Amino acid sequence: MSDAGGIDCVCLTGPTACGKTELALALAATVPIEIVSMDSALVYRGLDIGTAKPAPEVRRAVPHHLVDILDPTEAYSAGRFARDAARLVSEIRARGRWPLLVGGTLLYLKAFRDGLAALPPADAAVRAELDREAERYGLSALHERLRQVDPEAAARIGPSDRQRIQRALEVHLLVNRPITELQRAASERQRGVLAIALVPPSRAELAERIARRFDAMVAAGFVEEVRRLRARGDLTPELPAIRAVGYRQLWSYLDGRCTWDEARQKALAATRQFAKRQLTWLRGDGRIEQWDAFAPGLLNRLVERLSKENLIAKISRRLC
């Protein structure tokens, strides 16, 4: 049940490396919150350094949810996130605390806030056929095929976004209807979410932060982490966990398919492309407030914003 003007929870989002986690933890020192991770990679155990997963002592100090809940062999989905997050939001609020969704997987936010279309489950045979077509004719040919059957989806999905192109074509092949049509039929605005995005004022500054963060991850043992994952013997680069940005490039390096310099450059380029897609999504969603990610006084501004919605007062009353 919503209160505070129809708000169920607060979401702190934005592109990778923009300081979401740092601001969330700073808020936790001021307001009794629990964090619900909205990150598709943090769900996996063993993917720690390359995902910038908060340290165990941090998670003990501030409750975190949907972190380390799956083995890397398993898959997670936006639909499952929506169900898990709905349950957690209800439980956290029942404890008299406030749920804060934190992360940059914007499809998860859409699933939680608006609901998702009832799409058919993945079909291994169809996906295998699409993979063969991509190998034979190239990904651009698949994107052109998507444009012919679902021009709206093709305009929304980048020509290099293999996973989303494949899924859109798969849905069309399975039900003979465009994925856009099914998504449009999904219910509107099921939950009230105060969503705030930290957006960098310049791409160049974000690119510098991405590079610094990647190098810090490498210094902290990122390569060794991927080496341990490879040594398990049951993981492959095709799994969603290993397709995470950074992991697949280092996996390729450890397979001997590229040099270290090539792997580093590919990882940085992939991360910048990921951030670009996040920024494009954010620009198209007018319900998400956009704040300068690197402006001073963000914590004070966030507390004031919550106070304006009367959220902090409601938390205080529940704790009394």
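At what angle do the axes of helix 5 (residues 124–137) and helix 6 (residues 139–149) cross? They cross at roughly 120 degrees and come within 6 Å. This is a predicted model, in which local features need pLDDT of at least 70 and side-chain atom pairs count only at pLDDT 80 or more, while totals for chains, interfaces and linings use all residues. Residues are numbered from 1 along each chain as its sequence is written, and side-chain values use heavy atoms, with hydrogens and water left out. Helices (H or I, at least four residues) and strands (E, at least two) are DSSP runs, numbered from the N terminus.

**Helix 5 and helix 6**

- Helix 5 and helix 6 are oblique to each other; angles under 35 degrees count as roughly parallel, over 145 as roughly antiparallel, 65 to 115 as roughly perpendicular and the rest as oblique.
- Axes here are lines fitted to C-alpha atoms, for helices over the stretch in contact, and angles run from 0 to 180 degrees between N-to-C directions.
- From helix 5, Leu-130, Glu-133, Ala-134 and Tyr-137 meet Leu-139, Ala-141, Leu-142 and Arg-145 of helix 6, where contact means heavy atoms within 4.5 Å.
- The residues of this contact of helix 5 with helix 6 comprise six nonpolar, no polar and two charged (Ala, Val, Leu, Ile, Met, Phe, Trp, Tyr, Cys and Pro count as nonpolar, Asp, Glu, Lys and Arg as charged, and the others, Gly among them, as polar).

**Helix 12 and helix 13**

- Helix 12 (residues 247–254) and helix 13 (residues 260–283) have axes that come within 8 Å and cross at roughly 165 degrees.
- Helix 12 and helix 13 are therefore roughly antiparallel to each other.
- Their crossing is right-handed (left-handed if the near helix is turned anticlockwise from the far one by less than a right angle, right-handed if clockwise).
- Arg-248, Gln-249, Leu-250 and Tyr-253 of helix 12 make the contact with Trp-260, Ala-263, Lys-266, Ala-267 and Ala-270 of helix 13.
- By class, the residues of the contact of helix 12 with helix 13 are six nonpolar, one polar and two charged.

**Aromatic rings**

- The structure holds six aromatic pairs; rings of Phe, Tyr and Trp (its six-membered ring) pair if their centres lie within 6.5 Å, and planes under 30 degrees apart count as stacked, over 60 as edge-to-face and the rest as tilted.
- One of these pairs is Phe-214 with Trp-260, with ring centres 6.3 Å apart and planes at 20 degrees, so the pair is stacked.
- This pair links distant parts of the chain, with Phe-214 in helix 10 (residues 203–219) and Trp-260 in helix 13, 46 residues apart.
- Phe-214 is buried at 6% relative accessible area, whereas Trp-260 is partly exposed at 26% relative accessibility (buried means under 20% relative accessible area, exposed over 50%, partly exposed in between, with a 1.4 Å probe and protein chains only).
- Tyr-253 and Trp-260 have ring centres 5.3 Å apart and planes at 70 degrees, so this pair is edge-to-face.
- Tyr-253 is partly exposed, with a relative accessible area of 28%.
- Ring pairs join Phe-214, Phe-222, Tyr-247, Tyr-253 and Trp-260 into a cluster.

- The axes of helix 1 and helix 14 (residues 298–308) come within 10 Å and cross at roughly 60 degrees, which makes helix 1 oblique to helix 14.
- Helix 1 and helix 14 have a right-handed crossing.
- Leu-23, Ala-26 and Leu-27 of helix 1 make the contact with Leu-298, Leu-299, Leu-302, Val-303 and Leu-306 of helix 14.
- The contact of helix 1 with helix 14 has eight nonpolar, no polar and no charged residues.
- Thr-30 lies in the loop between helix 1 (20–28) and strand 2 (33–37), and is partly exposed at 48% relative accessibility.
- Not counting residues up to four places away in sequence, Thr-30 touches Leu-299 and Val-303.

**Helix 4**

- Helix 4 (residues 106–114) is mostly covered, with seven of its nine residues buried.
- The buried residues of helix 4 pack against elements including strand 1 (9–13), helix 3 (78–94) and helix 13.
- Gly-115 follows helix 4 and has a positive phi, near 85 degrees.

- Ala-17 has a positive phi of about 70 degrees although it is not a glycine; Ala-17 is in the loop between strand 1 and helix 1 and is buried at 10% relative accessibility.
- Asn-176, also a residue other than glycine, has a positive phi near 60 degrees; Asn-176 lies in the loop between helix 8 (162–175) and helix 9 (179–184) and is exposed at 61% relative accessibility.
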